Amino acid sequence: MSKQILLNAFNMNCVGHIHHGLWTHPDDQSVNFNQLSYWTDLAQLLERGLFDGLFIADILGVYDVYGSGIDLPLQEAIQLPVNDPLLLVSAMAGVTQHLGFGVTANLSYEAPYTFARRLSTLDHLTGGRIGWNIVTGYLESAAKAMGLSQQVEHDRRYDQADEYLEVLYKLLEGSWQDDAVLADRERRVYAQPGKVHKVHHHGEFYQLEGYHLSQPSPQRTPLLFQAGSSARGSRFAGQHAECVFIGGNGVEAVRAQVEQVRASAVAAGRRSDAIKVFMGIAVIVAPTEAEARDKHAEYLHYASPEAGIAHFSSSTGIDLAAFGLDEPILARKTNAIESVVKTFTGWTKRRLLEQHALGGRYPVLIGSPGQVAEQLINWIDATGLDGFNLTRIVTPQSYADFIDLVIPELQQRGRYKTAYADGALRHKLFGQGPRLPADHPAAAWRDPARLQQANAIPQELRNLSAHALNLL
């Protein structure tokens, strides 16, 4: 049986997300992002299209690398202003039954104890439809806004992330046993004291002694997304991620990334198919290819390539405004997105502007419904991808066009579902129940004996163990 395509809508709680400048298109409604109806209408539209999820990006800080300021980000709304993604979820969940929600949150600036409660709350209120896109941040502006003199070095952020996840697993998976809650009115016992355990964590980055504040939610730990593709990011993904988001720069490069993700899972003692891999993509579709080409030409008129590379500047940590059009951009050590810096070294500003003609650098598929469907299928079959994060170009038009024109073509080819499966988001994607599987490192903390044993380890030994792991 051919692999069915998984599909997330890729969006952000702001005006300009990926395809910069398109907010000026007369049909674009992204300037209404502050209105709740904008999000509830979008959620209902996506559920009509049987999308697996709405993947909501986020940043802390501003894109102030290009030209050493924020004039262009303010003029072109380059992810500024940007609002909190987590606060959107309850309202969208209230008007849908199946759509999942992948929310981005930067662990570098979130206390794990309070964040664990927010995740559990959303998992309860959505009926198990919440996912977390794990990021460690890459903007110096965010670090300074949070009181640091500079951002923590790239690989050290992942060291911190490993420990952060361990703390979360202890809280989400171990603090409350599955049968802790009785809700017995006659005996006046809501939860059994012997079934709720205090977490003691004394590590290199985090100190915690306390009970998780929420009872077990449908998934306990949310579905885990991650997007880092550096060597250190890949190792982190192999250990923790269930879904990995990659960029696309040709079939061969994408296939190599997919194989790297699969290998990272195996290296961590998990199955090679334990991680679903999604690629970011844009689609311009119309009833005929000629109409789609006309639509593409129209969109180009409103796009801002310069705004696109201003965004790209902060992704690399390199001020591209300082380069001439044909001056090669050489890799340099930065604390931004390491894989992006390596991928685009040697490019010129002119080439980047051409790549960002539509305001962003994701692959753009243009054509009739059948042509687009075949291109999507070819990407899946040629690379081993599991699905796509579909960007918005003009919102909500881009999603509506895809739902009305492309999805029926995919369904006719047997490559896209015709109805949602029941159950939590994790079960919908993996078909193995709502909880993390036994080979995931989080599962070990469900054993009360292991949690208590870990609580008894002296701090000196914990620090020694952490140091030994960092040497591996």
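Visitor: Are F10 and F55 buried or exposed?

Guide: Both F10 and F55 are buried, a term that means under 20% relative accessible area, with exposed meaning over 50% and partly exposed in between (1.4 Å probe, protein chains only). This is a predicted model, in which local features need pLDDT of at least 70 and side-chain atom pairs count only at pLDDT 80 or more, while totals for chains, interfaces and linings use all residues. Residues are numbered from 1 along each chain as its sequence is written, and side-chain values use heavy atoms, with hydrogens and water left out.

Visitor: Why is the pair of F10 and F55 called edge-to-face?

Guide: Rings of Phe, Tyr and Trp (its six-membered ring) pair if their centres lie within 6.5 Å; planes under 30 degrees apart count as stacked, over 60 as edge-to-face and the rest as tilted. A search of the whole structure finds 14 aromatic pairs. For F10 and F55 the centres are 5.4 Å apart and the planes are at 65°, so the pair is edge-to-face. F10 belongs to strand β1 (residues 6-12) and F55 to strand β2 (residues 53-57), so the pair ties together parts that are 45 residues apart in sequence. Helices (H or I, at least four residues) and strands (E, at least two) are DSSP runs, numbered from the N terminus. Ring pairs also link F10 and F55 with F225, F245 and Y362 in a cluster.

Visitor: What makes helix α7 largely enclosed by the rest of the structure?

Guide: Of the ten residues of helix α7 (residues 231-240), seven are buried, so the helix is largely enclosed. These are R232, G233, S234, F236, A237, G238 and H240. Their cover includes β4 (130-135), α6 (154-174), β9 (223-226), β10 (243-246) and α8 (251-267).

Visitor: How do you know that R232 and D162 form a salt bridge?

Guide: A salt bridge is a side-chain nitrogen of Lys or Arg within 4 Å of a carboxyl oxygen of Asp or Glu. The closest N and O atoms of R232 and D162 are 2.6 Å apart, and the pair is a salt bridge. R232 lies in helix α7 and D162 in helix α6, so the bridge ties together parts that are 70 residues apart in sequence. R232 is buried, at 8% relative accessible area, whereas D162 is partly exposed at 25%. Both residues belong to a network of salt bridges that links R156, D159, D162, E204 and R232.

Visitor: Why does K195 count as partly exposed?

Guide: K195 has 23% relative accessibility, and therefore counts as partly exposed. This residue is found in the loop between β6 (189-191) and β7 (199-202). Its salt bridge with D179 has closest N and O atoms 3.3 Å apart. The pair links distant parts of the chain, with D179 in the loop between α6 and β5 (181-184), 16 residues from K195. D179 is partly exposed as well, with a relative accessible area of 39%.

Visitor: What makes R351 sit over the ring of W347?

Guide: A charge sits over a ring if NZ of Lys or CZ of Arg is within 6 Å of the ring centre and within 35 degrees of the ring normal. The charged end of R351 is 3.6 Å from the centre of the W347 ring, and sits over that ring. The charged end of K170 likewise sits over the ring of W445, 4.9 Å from its centre.

Terms used. Contact = heavy atoms within 4.5 Å.
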